[in-house]
Amino acid sequence: MSEIHVFTRPDIPADSRRIGEAWSPEHNRYDEGVRYLYHNGAHELTLFWSSPSPAEIVGLRDQPVSIGLYSQGPAAFLLYKIDDVCEWSDAAFNIHLVPEAERELPQEPTGERARLIITLVDAADGIIKGRRLVSLDKVMTQALRHVMDEQAGAPFVSPLYEIAVQETHARFPDTDAMAQAAEIIEATLG
């Protein structure tokens with residue numbers, strides 16, 4: 001008989017932003033897009049969507065989430081899909097894009113699951129509309145750690161990173177195609 005995985009919900013830092021609050025006190029509008037980074041011991045995916053619908057907000061909370069990883073030179077791409085909410089999308093990243101004082105590397109030991117905090121922000125007014133905490137698969141946890149460790153150990157040349165991002169987006173007609181070529185695709189828990 002197999003055991004059910006129990007994911008202990010880790011504490012989110014006390015200064016964590018909450019639904020209904022401004023994502024940042026400095027801004028009240030954002031360009032539509034996505035931001036991904038590792039911060040406060042968790043992977044953070046922030047979605048900036050203009051006027052998210054009630055169905056998108058509920059879907060963020062309730063629908064299955066899949067995560068993937070694709071790498072191209074100095075650029076890596078976190079791929080994400082929320083069933084019935086958004087198709088495969090991507091967030092390019094390199095650890096060197098995070099200010100050095102804020103830069104963290106994942107520390108989860110082999111066999112552990114990392115946490116991913118997904119935040120939905122209304123780009124039109126900067127208000128958080130939804131948040132969700134999920135657990136990444138053990139393989140994805142180590143794959144992200146490995147990619148970020150490699151990035152941290154390599155010199156960063158911004159134009160080479162930008163070229164890698166542009167070439168990757170030119171190579172694939174959409175993120176569905178990138179997901180087909182991804183090193184790993186995993187469902188999250190939670």
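Two strands count as paired if DSSP finds at least two bridges between them. Strands (E, at least two residues) and helices (H or I, at least four residues) are DSSP runs, numbered from the N terminus. The model is a predicted one, in which local features need pLDDT of at least 70 and side-chain atom pairs count only at pLDDT 80 or more, while totals for chains, interfaces and linings use all residues. Residues are numbered from 1 along each chain as its sequence is written, and side-chain values use heavy atoms, with hydrogens and water left out.

Strands of a sheet pair through backbone hydrogen bonds, either parallel or antiparallel.

Ser-71 has Ala-76 of β4 as its bridge partner, and Val-65 stands opposite Ile-82 in β4. The hairpin of β3 and β4 has two residues between the strands, and Gly-73 takes a positive phi near 60 degrees there. β3 also pairs with β8, in the antiparallel sense over four bridges, with Leu-69 opposite Ile-184. Six of the eight residues of β3 are buried, so this strand is mostly covered; buried means under 20% relative accessible area, exposed over 50%, and partly exposed in between (1.4 Å probe, protein chains only). Contact means heavy atoms within 4.5 Å.

A further open sheet is formed by four strands in the order β1-β2-β6-β7, with mixed pairing. Its edge strands are β1 (33-39) and β7 (128-135), each of which pairs on one side only. Neighbouring strands of this sheet are turned against each other by 15 degrees on average, direction ignored. Between β6 (residues 115-122) and β7, which run antiparallel, there are seven bridges; Leu-116 has Val-134 as its bridge partner in β7. Helix α1 (residues 54-62) lies across β2 (42-49), β6 and β7, and runs at about 20 degrees to β7.

The loop between β6 and β7 contains Ile-127, which is partly exposed at 21% relative accessibility. Not counting residues up to four places away in sequence, Ile-127 touches Gly-20, Glu-21, Ala-22, Leu-120, Val-121 and Asp-122. The C-alpha atoms of Ile-127 and Arg-18 are separated by 9.3 Å, although the two residues are 109 residues apart along the chain.

Helix α3 (residues 158-171) includes Ile-163, and Thr-168 also lies in α3. Thr-168 is buried, because its relative accessible area is 1%. Leaving aside neighbours within four places in sequence, Thr-168 is in contact with Tyr-70, Gln-72, Phe-77 and Met-178. Ile-163, by contrast, counts as partly exposed at 40% relative accessibility. Together with Val-157 and Leu-160, Ile-163 makes a nonpolar surface patch of about 250 Å². Patches are made of residues with over 30% relative accessible area and no salt bridge, like charges being joined within 9 Å and nonpolar side chains (Val, Leu, Ile, Met, Phe, Trp, Tyr) within 5 Å. Accessible areas come from the Shrake-Rupley method with a 1.4 Å probe, and for residues only the protein chains shown count as cover.

Side chains of opposite charge can pair when their charged atoms come close. The structure holds three salt bridges, each a side-chain nitrogen of Lys or Arg within 4 Å of a carboxyl oxygen of Asp or Glu. One joins Glu-44 to Arg-35 at 3.5 Å, N to O; Glu-44 is buried at 12% relative accessible area, whereas Arg-35 is partly exposed at 29%. Another joins Asp-62 to Arg-61 at 3.0 Å, N to O, where Asp-62 is partly exposed at 45% and Arg-61 is exposed at 52%. The side chains of Asp-149 and Arg-145 also meet, at 3.9 Å, N to O. These two residues are four residues apart in helix α2, so about one helical turn separates Asp-149 from Arg-145.

Definitions and conventions:
Axes are lines fitted to C-alpha atoms, for helices over the stretch in contact, and angles run from 0 to 180 degrees between N-to-C directions.
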